[in-house]
Amino acid sequence: MKDIIITVKQQKTELKWLLACFGLAILLNIVSIIIYQTSWTEIFTQILWELLFTLAFYALSFIIRFLYKRIKK
Amino acid sequence: MYNELDLNNINRRDFFSTLGVGGLIAMFPWLQSCTKEKNEAIRGEKVRIGMIGTGSRGMYHLNNLLHIPQAEVVALCDNYEPHLQEAAALYPEAKQYDNYCKLLEDKNIQAVMVVTPLNEHEQMAMDALSAGKHVFCEKSMALTLAGCKKIHDTYKQHNQVLYIGQQRLFDPKYVKAMEMIHSGLIGSITGMKAYWYRNNDWRRPVPSPELERQINWRLYREHSAGLVTELAAHQLQVGDWALGERPESVTGFGDIVYWKDGREVYDNISLIYRYPSGIKMSYESVISNKFLGLEELILGDKGTMELEKGKYYFEEAQPAPGIMQLINDIEHSVFDNMAFAGPSWVPETASISKGYPVLENMHVTSGESSTGAVGDGSIELLTAFCNSAIVNEKNDRLVEEAYYSSVYALLGLQAMDEKRIITFPEELTI
């Protein structure tokens with residue numbers, strides 16, 4: 001069985017993608033607050049939704065990047 | 001502790017931080033005598049009480065008085081020996097009388113409690129005030145409109161304290177709910193509804209037939225007006241308290257529908273009180289079905305207050321968080337079919353909202369007991385009476401509220417008896 005090696009550079013890149021997804025989830029929550037005129041405290045109180053969207057966005061970005069690399073090869 | 005208005009055993013910090021004691025008293029002045037400060041000021045002092053009437057309600061009060069350190073029951077009076085002996089077992093040191101006039105001659109007694117059949121309130125309360133005693137009289141004030149006015153006028157002529165047994169005025173959940181209503185929580189009041197449903201014949205066991213009217217006095221017109229004076233008088237007062245107005249007219253129907261057992265009072269009543277602003281308070285009492293229990297509902301354009309249960313409800317449900325609304329909207333736009341009709345045809349069934357509690361740790365009563373319930377404001381009311389008697393502080397607003405609730409009840413009876421609309425008589429305004 002072959003070892004999978006994740007380099008430091010790859011780790012940093014994935015972390016940046018994750019942070020970007022988290023930022024996007026927060027932005028989505030802010031947009032929702034503005035559209036539906038709800039309380040600004042939801043930025044904090046809806047943190048679970050933000051984390052869930054972060055994971056969803058990250059998973060989506062991972063699939064797209066994976067397919068992109070495959071096609072590029 | 002039972003000896004002060006226990007508004008916040010409950011939720012003291014929240015309640016007083018938003019209102020403050022001063023604000024509360026200004027809004028509801030009858031609470032002036034049961035504050036923590038008042039209790040501390042008279043700590044160690046006692047008022048010597050004579051109890052006139054030791055039946056079921058009298059015993060309820062006597063048991064409550066055991067928890068009030070500033071109350072000392074020194075005399076008991078009843079013309080029905082078994083009741084008197086039952087009370088004497090609770091207070092063996094107290095003097096016993098079978099005639100209230102003799103009790104009133106006792107100079108040692110500072111205050112009396114009149115807990116007798118309704119037709120006896122008028123004479124006993126006036127005699128007691130004239131004898132220089134402070135008086136606690138059970139509701140309703142009197143059996144007749146003239147009797148209510150006479151008691152009020154006698155009270156005004158004397159320096160003694162008069163309390164009427166309107167315990168809802170001292171029930172913490174009512175006080176808090178009314179404060180919320182007055183602060184605009186449920187918006188503008190647009191209607192009020194009160195009811196008391198039971199399923200029992202309201203009879204007490206009678207050891208021998210000649211005692212029927214003495215024991216089951218609530219069922220006979222010479223002693224009582226029935227449901228209006230024994231139940232409705234408590235609840236009608238709530239309408240004025242919430243609205244800050246007094247009704248100008250009343251109409252209604254009363255019948256003996258189910259308990260056709262020789263009683264003379266209605267067992268099924270329905271009344272509508274109209275206020276000057278056009279708002280109505282409907283009142284119903286039926287004692288052959290208990291499905292709905294008892295309740296007073298204050299209906300506002302933004303919400304509803306359910307006073308007996310101590311809960312409030314908003315007309316519009318609190319919106320979901322923005323992000324959930326967004327998900328919901330996206331889901332609907334993707335999966336929903338095209339609408340083929342507007343919502344106008346949808347029947348408006350009753351709200352299924354669970355509501356919000358007015359206070360934590362509330363006492364809620366079922367209304368089934370004919371004598372009294374735990375935590376319904378009765379102890380606070382008695383404490384206030386004792387405090388007022390000790391410092392000789394009259395409580396005019398309490399008397400006024402009690403007077404009007406008794407008058408409304410009797411005007412309701414008149415409307416039912418005469419089957420017409422009764423306008424509030426100007427001469428009964430105080």
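Two strands pair if DSSP finds at least two bridges between them. Helices (H or I, at least four residues) and strands (E, at least two) are DSSP runs, numbered from the N terminus.

The model is predicted: local features need pLDDT of at least 70, side-chain atom pairs count only at pLDDT 80 or more, and totals for chains, interfaces and linings use all residues. Residues are numbered from 1 along each chain as its sequence is written, while chains are lettered from A and ligands numbered from 1 in the order in which they are written.

**Exercise 1. Give the strand order of the open sheet of six strands in chain B, and find its edges.**

Step 1. The order is S3-S2-S1-S4-S5-S6 of chain B, and the pairing is parallel.

Step 2. Strand S3 (95-97) and strand S6 (162-164) of chain B each have a single partner strand, so one side of each is left without a neighbour in the sheet.

Step 3. From one strand to the next the twist averages 25 degrees. Angles here run from 0 to 180 degrees between N-to-C directions, and axes are lines fitted to C-alpha atoms, for helices over the stretch in contact.

Step 4. As one pair to check, S1 (residues 47-52) and S2 (residues 71-77) of chain B run parallel and are joined by six bridges. Ile49(B) has Val73(B) as its bridge partner in S2(B).

**Exercise 2. Describe the neighbours and the two faces of strand S9 (residues 268-274) of chain B.**

Step 1. Strand S8 (residues 249-255) of chain B pairs with S9(B) in the antiparallel sense over seven bridges. One link is that of Ser249(B), whose partner in S9(B) is Arg274(B).

Step 2. S9(B) is also joined by seven bridges to strand S10 (residues 280-286) of chain B, again antiparallel. Here Ser270(B) has Glu284(B) as its partner in S10(B).

Step 3. The hairpin of S9(B) and S10(B) has five residues between the strands, and in it Gly278(B) takes a positive phi near 95 degrees.

Step 4. The covered face of S9(B) holds Ile269(B), Leu271(B) and Tyr273(B), and the uncovered face holds Asn268(B), Ser270(B), Ile272(B) and Arg274(B).

**Exercise 3. Compare the spread of chain A with the globule rule.**

Step 1. Chain A has three helices and zero strands, in the order α-α-α from the N terminus on.

Step 2. The radius of gyration of chain A is 16 Å, well over the 11 Å that the globule rule gives for 73 residues, so chain A is more spread out than a compact globule. The radius is taken over C-alpha atoms, and the rule is 2.2 Å times the number of residues to the power 0.38.

Step 3. The C-alpha trace of chain A spans about 50 × 25 × 20 Å along its principal axes.

**Exercise 4. Work out how H1(A) meets helix H12 (residues 322-335) of chain B.**

Step 1. The contact between the chains takes ten residues from chain A and six residues from chain B. Residues are in contact if their C-beta atoms, placed from the backbone, lie within 7 Å. Helix H1 (residues 8-36) of chain A gives the largest share of the chain A side, six residues.

Step 2. The axes of H1(A) and H12(B) come within 8 Å and cross at roughly 85 degrees. That makes H1(A) roughly perpendicular to H12(B) (under 35 degrees counts as roughly parallel, over 145 as roughly antiparallel, 65 to 115 as roughly perpendicular and the rest as oblique).

Step 3. Leu28(A), Asn29(A), Ser32(A), Ile33(A), Ile35(A) and Tyr36(A) of H1(A) meet Gly322(B), Ile323(B), Gln325(B) and Leu326(B) of H12(B).

Conventions. A residue is buried if 20 or more other C-beta atoms lie within 10 Å of its own, exposed if 12 or fewer, and partly exposed in between; C-beta atoms are placed from the backbone. Two residues are in contact if their C-beta atoms, placed from the backbone, lie within 7 Å.
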